[in-house]
2 protein chains.
Amino acid sequence: MNGFTFTSFLTSNIDIDKNVLDELIQKCKHVTIAKNNFLLRQGEICKSAFFVEQGLLRQFSIDEKGKEHILQFAPESWFVTDRESVYFNQPSNYFIQALEDSTLLQIDENFILSLAEQNKSFLAFNNKLLHNHIRYLQKRITQLLSATAEERYLDFIKIYPDILLRVPQAMVASYLGITPESLSRVRKELAGKNFKK
Amino acid sequence: MNGFTFTSFLTSNIDIDKNVLDELIQKCKHVTIAKNNFLLRQGEICKSAFFVEQGLLRQFSIDEKGKEHILQFAPESWFVTDRESVYFNQPSNYFIQALEDSTLLQIDENFILSLAEQNKSFLAFNNKLLHNHIRYLQKRITQLLSATAEERYLDFIKIYPDILLRVPQAMVASYLGITPESLSRVRKELAGKNFKK
């Protein structure tokens with residue numbers, strides 16, 4: 001099973017040569033992490049990307065008043081990393097924590113960059129990942145600037161269709177940038193409209 | 001003067017071969033745009049990046065209620081583009097509009113990607129731009145989730161030190177995701193604290 005899901009992910013996303021694929025998979029490390037444990041803490045330099053084969057993680061920051069703010073969740077088939085910290089070799093502003101016992105593939109980010117230098121299909125793949133990331137972040141900014149609590153919640157369900165029952169409500173509210181009370185209100189109103197999920 | 005600022009920007013950011021630099025500059029088009037005119041409108045597919053040599057632009061969306069939300073400002077030495085639209089060849093969610101008469105270098109994004117395939121220093125440069133972009137977007141999300149109006153305003157002054165007097169207050173408030181009234185209050189409070197800018 002080692003690397004199986006990641007292999008499927010790669011082969012469905014890029015036209016990759018089997019030798020390059022094998023070289024990459026060999027460089028990856030299969031890691032497991034128990035619920036509540038951390039892959040990264042604020043202040044540490046992030047060195048790896050993690051592909052989630054099984055489980056669920058969150059990336060979040062803690063502000064000066066001790067309040068948590070969730071940047072993203074990472075369920076199965078998502079990547080989680082702090083690209084900023086990896087690339088600029090700077091202490092991270094984020095924590096990455098397992099919300100469930102999880103199985104991950106740990107990928108050396110610098111190896112990915114060097115592979116992209118040597119291999120055109122890999123360069124294309126890395127570009128796609130980076131642009132997907134930019135797309136996700138831009139969408140999130142526009143949403144935080146403009147969407148109502150209900151729109152944010154409906155969007156959350158679209159982006160993360162299967163994690164609503166796996167994540168505490170307070171964390172969903174934190175991700176959405178609304179209070180837990182607003183989230184409860186929205187859920188009640190949607191239930192009243194016979195919204196099924 | 002054609003391409004001068006952009007050339008300085010490039011040579012100070014990458015170790016670029018003169019021939020590659022000349023090839024790139026030849027592919028760029030020098031364009032001017034009058035105040036209030038648009039480089040891109042919501043629904044159009046974005047094909048280019050623009051490097052601002054002189055002037056000021058904004059990238060914004062308009063929500064269903066007709067309200068504007070500013071994603072970024074682009075003063076001198078900034079790039080402005082919708083990478084998502086360019087890369088995925090999809091209609092843009094954004095407008096790009098000149099707030100002042102501006103002089104720009106128009107860069108074919110697909111040419112940049114093909115140059116990155118052929119030239120390692122250019123690949124490194126493009127990676128740096130993409131990661132800088134991700135850094136900027138992540139910071140903005142964390143700020144929108146967690147910062148007070150005052151913190152947002154102080155951060156704005158750091159990111160855009162010289163545009164405060166060039167942009168209407170309502171647009172600054174829109175960028176910060178706060179009401180114009182909150183912005184006025186923050187400015188008065190900071191003036192009361194003898195904050196100089």
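In the predicted model, strand 2 (38–40) of chain B and strand 7 (residues 95–98) of chain B pair in the antiparallel sense over two bridges. Strands are DSSP runs (E, at least two residues) and helices are runs of H or I with at least four residues, both numbered from the N terminus; pairing requires at least two DSSP bridges between two strands. Leu40(B) has Ile96(B) in strand 7 of chain B as its bridge partner. The model is predicted, with local features needing pLDDT of at least 70 and side-chain atom pairs counting only at pLDDT 80 or more, whereas totals for chains, interfaces and linings use all residues. Residues are numbered from 1 along each chain as its sequence is written, and chains are lettered from A and ligands numbered from 1 in the order in which they are written.

The open sheet of chain B comprises four strands in the order 2-7-4-5, with antiparallel pairing. Strand 2 and strand 5 of chain B are at the edges with a single partner strand each, so one side of each has no neighbour in the sheet. On average, neighbouring strands of this sheet are turned by 30° against each other, direction ignored.

Helix 5 (residues 120–146) of chain A lies across strand 4 (57–62) and strand 5 of chain B, at about 130° to strand 5 of chain B. Angles run from 0 to 180 degrees between N-to-C directions, and axes are lines fitted to C-alpha atoms, for helices over the stretch in contact. Helix 7 (residues 169–176) of chain B also packs on the sheet, where it touches strand 4 and strand 5 of chain B and makes about 100° with the direction of strand 5 of chain B.

The contact between the chains takes 28 residues from chain B and 28 residues from chain A, a contact being two residues whose C-beta atoms, placed from the backbone, lie within 7 Å. On the side of chain B that touches chain A, helix 5 of chain B gives the most, with 16 residues. Chain B is superposed on chain A by a rotation of 180° with 0.0 Å of shift along its axis (RMSD 0.0 Å), by least squares on the C-alpha atoms of residues with pLDDT of at least 70 in both copies. This is the relation of a two-fold axis. The same surface serves both copies, as 100% of the contact residues of chain B recur in chain A.

Helix 6 (residues 149–159) and helix 8 (residues 180–192) of chain B pack at an angle of about 75°, with their axes 10 Å apart.
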